[in-house]
Amino acid sequence: MALAGIATLLLSAGALSAAAPITSVPADPTDWLRFRGPNGSGVAIGAQPPTSWSDTENVLWKTPLPGPGTSSPIVVGPRVFVTCYSGYGDGSPGAGLSKLQRHLVCVNRADGRVLWSSAIPAAQPEDYFGGFITEHGYASHTPASDGERVYVFFGKSGAAAFDLTGRKLWQTSLGTDSNEKRWGSASSPILYKDLVIYNASEEGHALVALDKKTGKEMWRATGDALQLSFGTPVLALNGVNVDLIFSVPGELWGLNPDTGKLRWFAETGLPGNIAPSVIAGDGMVFAFGGYPALGAVAVRLGGKGDLTATNIAWKTHDSTYIPTPVFNDGRLYFVSDAGFATCLNAKTGALIYKERLPGATATGRGKPFYASPVLANGAFYAVSRRNGAFVLAAQPQFRLIAQDRIAADETDFNATPAISGRQFFLRSNRFLYCIASPTGANPIR
């Protein structure tokens, strides 16, 4: 049993029973309130976004941003929020580390007008712009909202909450450390009851829960393995309990989200570092990633303590290093960072298909794909960094529906898109786009 990653966590009492994913129910069910939408599923139920666009087709509006970022937009009623950074690492004249700042930008959903923008200076010393940070920058954490406030994470500059008019309500440091590789952090906040939960993997080597109204720290779960974990936790209903589930190198953890105490763990064997987030579905959770050897593991929920020998359903080497898969209708879909569209049987792990996308590779440094896929109306959308978005049928047969590109924007598209109703929100390092058509898209058959 590998204990290095869980030495500072305590097992909490209580047996777990059959599991199911939690589906968040916002006040407006079409809102997209966090990274990858409802409970991080990446699925927009009932939405009908278009499947085709270009510079001149189906672009409702585009809004210049004050700087780059890999964070995703979120949709809160009539407003769209996104984070950016500027002053350093963005190519601006006279840039310097002391000038680095993050921005939370609020955009009018109807026409793309900037309603307000709030800047937070970076806490110093910050990691220098080099190595892996040049791939994703300093605004990699997607905001989250409960419909009343917007919660952000800015790494060493801490967590903060804003009201919908742009007034900062609180700001709390979660730590100022760096991981051994100085890659920066990327995980996004999630909401549970009156808590906002952060993976402060780099800054504090901890999962941290704050009171969402005050920013007061309510619990902190620490572990050395956290410093190389970059995913966002997922919540899963497990009988009468809710589990907070998170993947670290070598292990999968199930915590009590009320207290941060560990309920169960399973050894996954995924080595090195973990970038994808955990996915929940059909009574199981799925972990992907690892380096230098990629892998994927499915764990059945139910039980407590060490579940390695009893609850691992399957393992496979068909995996992804950065993008998080999407679960739908008993299948797992993803486009790997290397550009392979892949579909797995979620119950068995069996490979259904694996196809290299035409034109997915791109010149220049870095992987062709950073963004995670999202799914709506029978199609899943995988946004590449430099060669457009690939729209595929969410079916057990590979079928490419469209490759959509905004040719005039030559900056990277690193962010996972957001979907709400008939609209598809896409951000590059330069612009925020609203993709929409009057009639939406017909269901993919």
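Student: Which residues is Leu426 in contact with, leaving aside its neighbours within four places in sequence?

Tutor: Contact means heavy atoms within 4.5 Å. Beyond those sequence neighbours, Leu426 meets that condition with Trp53, Val383, Ile406, Phe413, Pro417, Phe431, Leu432 and Tyr433. This is a predicted model, in which local features need pLDDT of at least 70 and side-chain atom pairs count only at pLDDT 80 or more, while totals for chains, interfaces and linings use all residues. Residues are numbered from 1 along each chain as its sequence is written, and side-chain values use heavy atoms, with hydrogens and water left out.

Student: What makes a set of residues a nonpolar core?

Tutor: The members must be buried Ala, Val, Leu, Ile, Met, Phe, Trp, Tyr or Cys residues, joined through side-chain atoms within 4.5 Å. The largest such set has 35 residues, and Trp53, Ile419, Phe424 and Leu426 have the most contacts inside it. Several strands give two or more residues to this core, including strand 4 (79–86), strand 33 (423–427) and strand 34 (431–436). Strand 34 gives the most, with 5 residues. A second, separate core has 19 residues, among them Ala221, Ala225, Leu235 and Phe265.

Student: Why is Cys84 called buried?

Tutor: Buried means under 20% relative accessible area, exposed over 50%, and partly exposed in between, with a 1.4 Å probe and protein chains only. Cys84 has a value of 0%, so Cys84 is buried. Cys343, also at 0%, therefore counts as buried.

Student: How do you know whether Cys84 is in a disulfide or in none?

Tutor: A disulfide is a pair of cysteine sulfur atoms within 2.5 Å. A search of the whole structure finds 0 of them. For Cys84, the nearest cysteine sulfur is that of Cys106, 12 Å away, and Cys84 is in no disulfide.

Student: What makes a space a cavity?

Tutor: On a 1 Å grid over the protein atoms alone, a cavity is a set of points where a 1.4 Å probe fits but cannot get out; lining residues have an atom within 4 Å of a point. The structure holds 3 cavities of 30 Å³ or more. Of its 28 lining residues, Ala186, Phe230, Ala275, Ile322 and Tyr370 are the closest to its centre.

Student: How does the lining of the largest cavity divide into nonpolar, polar and charged?

Tutor: Ala, Val, Leu, Ile, Met, Phe, Trp, Tyr, Cys and Pro count as nonpolar, Asp, Glu, Lys and Arg as charged, and the others, Gly among them, as polar. By that rule the lining has 11 nonpolar, 17 polar and no charged residues.

How values were computed. Helices (H or I, at least four residues) and strands (E, at least two) are DSSP runs, numbered from the N terminus. On a 1 Å grid over the protein atoms alone, a cavity is a set of points where a 1.4 Å probe fits but cannot get out, and a pocket is an open set with protein on both sides within 12 Å along at least five of seven lines; lining residues have an atom within 4 Å of a point. Grid points are joined across faces, edges and corners, and a volume is the space filled by probe spheres set on the points.
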